[in-house]
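Here is a short report for a reader meeting this structure for the first time.

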Amino acid sequence: VDSRVIEAPLGRVQVSDGRLRLRVLPAPGHKTVYDYLRLLDEGGRELRFEAEDAQLTRGDVFTALPGADGHWWNQEYDAFSARHGLVSEVDEGAPALETTIALPNGNYALFVGTFTGDQASGPFVLAVEVVSGE
């Protein structure tokens, strides 16, 4: 495992009701990192949204310390975008998160910032579902 922050392409989304809503879930048996969302509009303009922004991402109260406490950890790590990312430990039972972003209607390319993994934990896995904006 090469232990690095990565950006995964999630495909194209169409926003028709002025918002994009996503569900983010930890994967059983793996650590999970949710760092940011990045969108490119049809004109090539880039928009970036931080996962740990509690105005955008709801569904849990983020903790400041690691541990299997049933909550996403708002980890400070220099390699993360804005030096923070949300981390779910292996099988800790952290809830699904919902990120809602107000956007002009149109088509966007969608990307998520996450992490490959590390030697101690193996690969990290993240599940993302587009709820509205398809």
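Lys and Arg count here as positive, and Asp and Glu as negative, while His and the chain ends are left out. On that count the protein chain carries 11 positive and 21 negative side chains. The centres of the two sets lie 5 Å apart. The model is a predicted one.

**The whole chain**

The protein chain has 13 strands and 0 helices. Read from the N terminus, its elements run β-β-β-β-β-β-β-β-β-β-β-β-β. The radius of gyration is 14 Å, close to the 14 Å that the globule rule gives for 134 residues, so the chain is as compact as a globular protein of that length. Along the principal axes, the C-alpha atoms fill a box of roughly 40 × 30 × 25 Å.

Buried residues make up 43% of the 134 residues. The chain exposes about 6,600 Å², and carbon and sulfur atoms supply 50% of that area. Take the contacts between residues at least 6 apart in sequence: 72% of them join residues at least 24 apart.

**The cores**

In soluble globular proteins, nonpolar side chains tend to be buried together. The largest nonpolar core in this model has 22 residues. Leu20, Tyr34, Leu39 and Leu103 have the most contacts inside it. Several strands each supply at least two residues of this core: E1 (5-15), E2 (19-26), E4 (36-41), E5 (46-50), E9 (97-102) and E10 (106-115). A second, separate core has 6 residues, among them Val33, Trp73, Phe115 and Phe124.

Which residues does leucine 103 touch, not counting residues up to four places away in sequence? They are Val15, Gly18, Arg19, Leu20, Leu39, Leu47, Phe49 and Tyr108.

**Two buried residues**

Glycine 70 is found in the loop between strand E6 (57-58) and strand E7 (73-76). Its relative accessibility is 19%, and the limit for buried is under 20%, so glycine 70 counts as buried. Leaving aside neighbours within four places in sequence, glycine 70 is in contact with Asp60, Glu92, Gly93, Ala94 and Pro95. Glycine 70 and proline 95 are 25 residues apart in sequence, yet their C-alpha atoms are 7.4 Å apart in space.

Serine 132 lies in strand E13 (residues 126-132). At 12% relative accessibility, serine 132 is also buried. Beyond residues up to four places away in sequence, serine 132 touches Asp17, Arg19, Leu20 and Arg21. Arg19 and Leu20 are also among the residues that leucine 103 touches.

Alanine 82 and aspartate 91 each have a positive phi, although neither is a glycine. The table gives the angle and the place of each.

| Residue | Phi | Place |

Is aspartate 91 buried or exposed? Aspartate 91 has a relative accessible area of 55%, and exposed means over 50%, so aspartate 91 is exposed.

Note on methods: Residues are numbered from 1 along each chain as its sequence is written. This is a predicted model: local features need pLDDT of at least 70, side-chain atom pairs count only at pLDDT 80 or more; totals for chains, interfaces and linings use all residues. Side-chain values use heavy atoms; hydrogens and water are left out. Helices (H or I, at least four residues) and strands (E, at least two) are DSSP runs, numbered from the N terminus. The radius of gyration is taken over C-alpha atoms; the globule rule is 2.2 Å times the number of residues to the power 0.38. Buried means under 20% relative accessible area, exposed over 50%, partly exposed in between (1.4 Å probe, protein chains only). Contact means heavy atoms within 4.5 Å. Accessible areas come from the Shrake-Rupley method with a 1.4 Å probe; for residues, only the protein chains shown count as cover. The place of a charge is taken as NZ of Lys, CZ of Arg, CG of Asp or CD of Glu. A nonpolar core is a set of buried Ala, Val, Leu, Ile, Met, Phe, Trp, Tyr and Cys residues joined through side-chain atoms within 4.5 Å.
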